[in-house]
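Biologist: Please take me through one part of this model in detail. I would like a close look at a strand pair and what surrounds it.

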Amino acid sequence: MIRVYPANERYHANHGWLDTYFSFSFAEYFDPNNMNFGPLRVLNDDVIKPLRGFGAHPHQEMEIVSIVLSGQLKHQDSLGNEAITTFGGIQRMSAGTGIVHSEVNPSATEDVNLLQLWFLPERHGLAPSYERTDFDISKLKNQLLPVVTKNPQSPNIAHIHQDLTIYLSNLEAGKEIVFTQESGRRIFLFIIEGELTVNDEVKLYKRDSARITETPQLKIAADADTRLMLIDLP
């Protein structure tokens, strides 16, 4: 089953310094029927103004992934980690038993646009940790590139404490890819830019998403140059 969530049906809030869209129930937006998709708990599409951001705040028992689409994102935390991420970099933080962090836009002139994803961990009581990894942008072309997974086989893939994999792809117009997973798993598909057709029948456009179950094979065909995120979930 493929259930489409159009971009314009996401919850939207503009706080001046932060323009954000929520794909799931979060903060002031509460919908008991839209709390999660498997372990995927949060997907926020944030644009943060220059020299603004989220000040130091705590987290517990959550796996948090930040994917910068444009601009720069600066991370600092109570473990002493500090990093600036741009497109091509992934931030993964395991809040575990407790961590305090901040995320701000260090640029004085340019907005930052990022996707922040929260996942329920495979178990509670993990030691908090942070990592920043870099992937080869050229390897996104017409294939699904894993950038986060449970058991990474490369230093270019971030490790996460959950049985999932996040893929990114730049699919050229007229090209297609096929994704196959084990029966009983879920697929979350998010269109960052462009438009595509799934299994010859479902159209998705910029910032649309699809929550897919009982469909172990997907044919994804780009109707225009498209950047997408696909998450293989339990």
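Modeller: The model is predicted. Start with strand E17 (residues 186-193) and strand E20 (residues 209-212), which pair in the antiparallel sense over 4 bridges. One of the residue pairs is Phe188 with its bridge partner Arg211 in E20. Strands of a sheet pair through backbone hydrogen bonds, either parallel or antiparallel.

Both strands belong to an open sheet of 7 strands, ordered E1-E20-E17-E22-E15-E13-E14. Pairing in that sheet is mixed. Which strands stand at the edges? They are strand E1 (2-5) and strand E14 (158-159). Each has a single partner strand, so one side of each is left without a neighbour in the sheet.

Now stay on E17 and look at Phe190, which lies in this strand. Is Phe190 buried or exposed? Phe190 is buried, because its relative accessible area is 1%, and buried means under 20%. Its contacts come from several stretches of the chain. Leaving aside neighbours within four places in sequence, Phe190 is in contact with Arg10, Leu43, Asp45, Leu115, Arg207, Asp208, Ser209, Arg227, Leu228 and Met229. Take Arg207 from that list: 17 residues separate it from Phe190 along the chain, yet the two C-alpha atoms are separated by 6.4 Å.

Asp45 is in E4, where Tyr21 stands opposite it. E3 and E4 pair in the antiparallel sense, over 5 bridges. On its other pairing, E3 is joined to strand E2 (residues 11-14) by 4 bridges, and these two also run antiparallel. There, Asn14 has Asp19 of E3 as its bridge partner. The hairpin of E2 and E3 has 3 residues between the strands, and Gly16 takes a positive phi near 90 degrees.

Side chains alternate along E3. Leu18, Thr20 and Phe22 point to one face and are buried.

Of its 17 lining residues, the closest to the centre are Leu18, Phe26, Asn44, Asp46 and Phe54. Strand E3 (18-22), strand E4 (40-48), strand E5 (53-59), strand E10 (99-104) and strand E11 (112-119) each give two or more residues to the lining. By class, the lining has 7 nonpolar, 7 polar and 3 charged residues.

Between E10 and E11 runs a loop that holds Asn105. Asn105 is buried, with a relative accessible area of 1%. Its side chain reaches the backbone oxygen of Ile48 at 3.2 Å and the backbone oxygen of Lys49 at 3.3 Å. Not counting residues up to four places away in sequence, Asn105 touches Ile48, Lys49, Pro50, Leu51, Arg52, Gln72, Glu110, Asp111 and Val112.

The search of the whole structure finds 1 cavity of 30 Å³ or more, and the largest cavity has a volume of about 40 Å³. Strand E6 (63-70), strand E9 (89-94) and E10 each supply at least two residues of its lining. E9 gives the most, with 3 residues. Among the lining residues are Ile64, His75, Arg92, Glu103 and Tyr130. By class, the cavity lining has 3 nonpolar, 5 polar and 2 charged residues.

Conventions
Residues are numbered from 1 along each chain as its sequence is written. This is a predicted model: local features need pLDDT of at least 70, side-chain atom pairs count only at pLDDT 80 or more; totals for chains, interfaces and linings use all residues. Side-chain values use heavy atoms; hydrogens and water are left out. On a 1 Å grid over the protein atoms alone, a cavity is a set of points where a 1.4 Å probe fits but cannot get out, and a pocket is an open set with protein on both sides within 12 Å along at least five of seven lines; lining residues have an atom within 4 Å of a point. Ala, Val, Leu, Ile, Met, Phe, Trp, Tyr, Cys and Pro count as nonpolar, Asp, Glu, Lys and Arg as charged, and the others, Gly among them, as polar. Buried means under 20% relative accessible area, exposed over 50%, partly exposed in between (1.4 Å probe, protein chains only). A polar contact is a pair of N or O atoms within 3.5 Å; within protein, one must be able to donate a hydrogen and the other to accept it, and residues adjacent in sequence count only if both atoms are side-chain atoms. Contact means heavy atoms within 4.5 Å. Two strands pair if DSSP finds at least two bridges between them. Grid points are joined across faces, edges and corners, and a volume is the space filled by probe spheres set on the points.
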